[in-house]
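My notes are below the structure.

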Amino acid sequence: NREGERKPGGGYVYNKWDDGKEDELLIYEFIGYDWFTDAGMSATLFAEELSRVANVDRLTIKINSPGGDVWDGMSIYNQLLGFGPDVRVVVDGVAASAASLIAMAGDTVEAYETSQLMIHDAWTVALGNEQDLRETADVLAKIDGQLAAVYAGKSGKIEEDAFRDIMDSDSYLTATEAMEMGLIDGIISPPKRNEEPKDTAPGTPKARYARRRMGLQAMRTNL
């Protein structure tokens, strides 16, 4: 069992459950390479890590990311769509911008009560003459249309044009709002500090949580 493993330049952590049937990838940083921190979740690094979990029955992707490079985000999104096993996405912080696109690749998408999604138009910094800037604007418009189509496809309730209007500003959505819009499938209510999860059947994530909690309590007793 490996926990907390991290490679230089990679904004991910890889965890493998002992039974080998379920794995977890954490996207907890910038999408793409971040020049300021020399880290980030690039499409290349994600592909390398995804190849390591190809034989699992279920993959959980946990997201807490401010977003980043839209091209890397699109690549990661498409990689997850083409991934054979079941993919569960959990937003346990914020899935903003490109990270919200990645979240849409889950077979199921859930968010904690205190989590948020943020969707908006793509933006860039451009230099050049009139023609260069018009071409850049055209590219951004195409990207925005593609993003809106993904959100609308996941939603099944709101049309693409309506999402284009919503994306005109930085739209932060609570878990409840995202649920109402059809962008997530469920809201996770974390157990209270002294309350164990109800579903503790052997082999379930909640059972593992319960075992770890008992282990931590034992450790505190021995300290």
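These entries go through a strand, the salt bridges and a charged patch.

**Before starting.** I kept in mind that this is a predicted model.

**Strand S2.** I asked first: is strand S2 (residues 22-27) buried or exposed? I found that 6 of its 6 residues are buried, so the rest of the structure largely encloses S2.

S2 pairs with strand S3 (residues 58-65) in the parallel sense, over 6 bridges. Across from glutamate 24 I found threonine 60 in S3.

**Salt bridges.** How many salt bridges does a search of the whole structure find? I got 7. Side chains of opposite charge can pair when their charged atoms come close. I wrote up three of these pairs.

*Asp86 and Arg58.* I began here since S3 had already come up. Aspartate 86 forms a salt bridge with arginine 58, with 3.3 Å between the closest N and O atoms. The pair links distant parts of the chain, 28 residues apart: aspartate 86 is in strand S4 (residues 86-96) and arginine 58 is in strand S3. Aspartate 86 has a relative accessible area of 30%, so I noted it as partly exposed. Arginine 58 comes out at 29%, which also counts as partly exposed.

*Arg164 and Asp121.* Arginine 164 forms a salt bridge with aspartate 121, and their closest N and O atoms are 2.9 Å apart. This pair too links distant parts of the chain, 43 residues apart: I placed arginine 164 in helix H5 and aspartate 121 in the loop between strand S6 (116-119) and helix H4 (130-155). Arginine 164 is partly exposed, at 24% relative accessibility.

*Lys154 and Asp185.* I found the side chains of lysine 154 and aspartate 185 meeting in a salt bridge at 2.8 Å, N to O. Lysine 154 is in helix H4, while aspartate 185 sits in the loop between helix H6 (175-181) and strand S8 (186-188), 31 residues apart. Aspartate 185 is partly exposed, with 39% relative accessibility.

**Negative patch.** Last stop: which residues gather in a patch of negative charge on the surface? I listed Glu159, Glu160, Asp161, Asp165 and Asp168. I followed up on glutamate 160, which lies in helix H5 (residues 160-166). At 35% relative accessibility, glutamate 160 counts as partly exposed.

Note on methods
Residues are numbered from 1 along each chain as its sequence is written. This is a predicted model: local features need pLDDT of at least 70, side-chain atom pairs count only at pLDDT 80 or more; totals for chains, interfaces and linings use all residues. Side-chain values use heavy atoms; hydrogens and water are left out. Patches are made of residues with over 30% relative accessible area and no salt bridge: like charges are joined within 9 Å, nonpolar side chains (Val, Leu, Ile, Met, Phe, Trp, Tyr) within 5 Å. Accessible areas come from the Shrake-Rupley method with a 1.4 Å probe; for residues, only the protein chains shown count as cover. A salt bridge is a side-chain nitrogen of Lys or Arg within 4 Å of a carboxyl oxygen of Asp or Glu. Lys and Arg count as positive and Asp and Glu as negative; His and the chain ends are not counted. The place of a charge is taken as NZ of Lys, CZ of Arg, CG of Asp or CD of Glu. Helices (H or I, at least four residues) and strands (E, at least two) are DSSP runs, numbered from the N terminus. Buried means under 20% relative accessible area, exposed over 50%, partly exposed in between (1.4 Å probe, protein chains only). Two strands pair if DSSP finds at least two bridges between them.
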